[in-house]
Amino acid sequence: MKSSIKIWREKEERYVFLSKIGRVVSFTKIHEAPKGFRSSYIVVMVEVENGERVVGQLVGDVKQSIKIGDKVIGVLRKLREPEKKEVIKYGVKWKKI
């Protein structure tokens with residue numbers, strides 16, 4: 001039986017949006033974050049160059065204003081804070097450029 005970690009590592013499309021540039025089409029601020037996340041964070045919907053739209057967390061200096069039309073780039077970041085014995089999960093988040 002394969003471990004869930006091995007299956008995740010073998011996925012071909014896990015970093016499809018890494019280093020892709022896109023524009024913000026929508027965003028919202030999450031005020032009540034679930035366990036493992038910061039107290040608040042911003043989620044953006046991004047339209048990448050091929051017209052596909054994806055949703056992800058905005059990272060970097062999120063105190064600066066974000067607006068529709070801003071350019072962002074896909075970056076590799078930790079998805080959430082792991083529990084003591086959990087594996088650290090990484091994925092693509094979005095950073096304003």
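Residues are numbered from 1 along each chain as its sequence is written, and side-chain values use heavy atoms, with hydrogens and water left out. In this predicted model, local features need pLDDT of at least 70 and side-chain atom pairs count only at pLDDT 80 or more, while totals for chains, interfaces and linings use all residues.

Reader: In which order do the strands of the closed barrel run?
Author: Strands here are DSSP runs of E, at least two residues long, numbered from the N terminus. Two strands pair if DSSP finds at least two bridges between them. The barrel has five strands with mixed pairing, and its order is β1-β2-β3-β5-β4.

Reader: Do β3 and β5 pair in the parallel or the antiparallel sense?
Author: Strands of a sheet pair through backbone hydrogen bonds, in either sense. Strand β3 covers residues 53-59 and strand β5 covers residues 90-96. Over two bridges, their pairing is parallel.

Reader: Which residue in β5 is the bridge partner of V72?
Author: Strand β4, residues 71-78, pairs with β5 in the antiparallel sense over seven bridges. For V72, the bridge partner in β5 is K96.

Reader: What is the bridge partner of V46 in β3?
Author: β2 and β3 run antiparallel and are joined by six bridges. The partner of V46 in β3 is V54.

Reader: Which residue in β5 stands opposite L58?
Author: Contact means heavy atoms within 4.5 Å. Leaving out residues up to four places away in sequence, L58 touches I42, V44, I66, V72, W94, K95 and K96. The residue opposite L58 in β5 is W94.

Reader: Is Q57 buried or exposed?
Author: Buried means under 20% relative accessible area, exposed over 50%, and partly exposed in between (1.4 Å probe, protein chains only). Q57 lies in strand β3. Because its relative accessible area is 15%, Q57 is buried.

Reader: How does L79 count by relative accessibility?
Author: L79 lies in the loop between β4 and β5. L79 and Q57 are 22 residues apart in sequence and 8.9 Å apart in space, C-alpha to C-alpha. At 34% relative accessibility, L79 is partly exposed.

Methods: Helix = DSSP H or I, 4+ residues; strand = E, 2+ residues; numbered from the N terminus.
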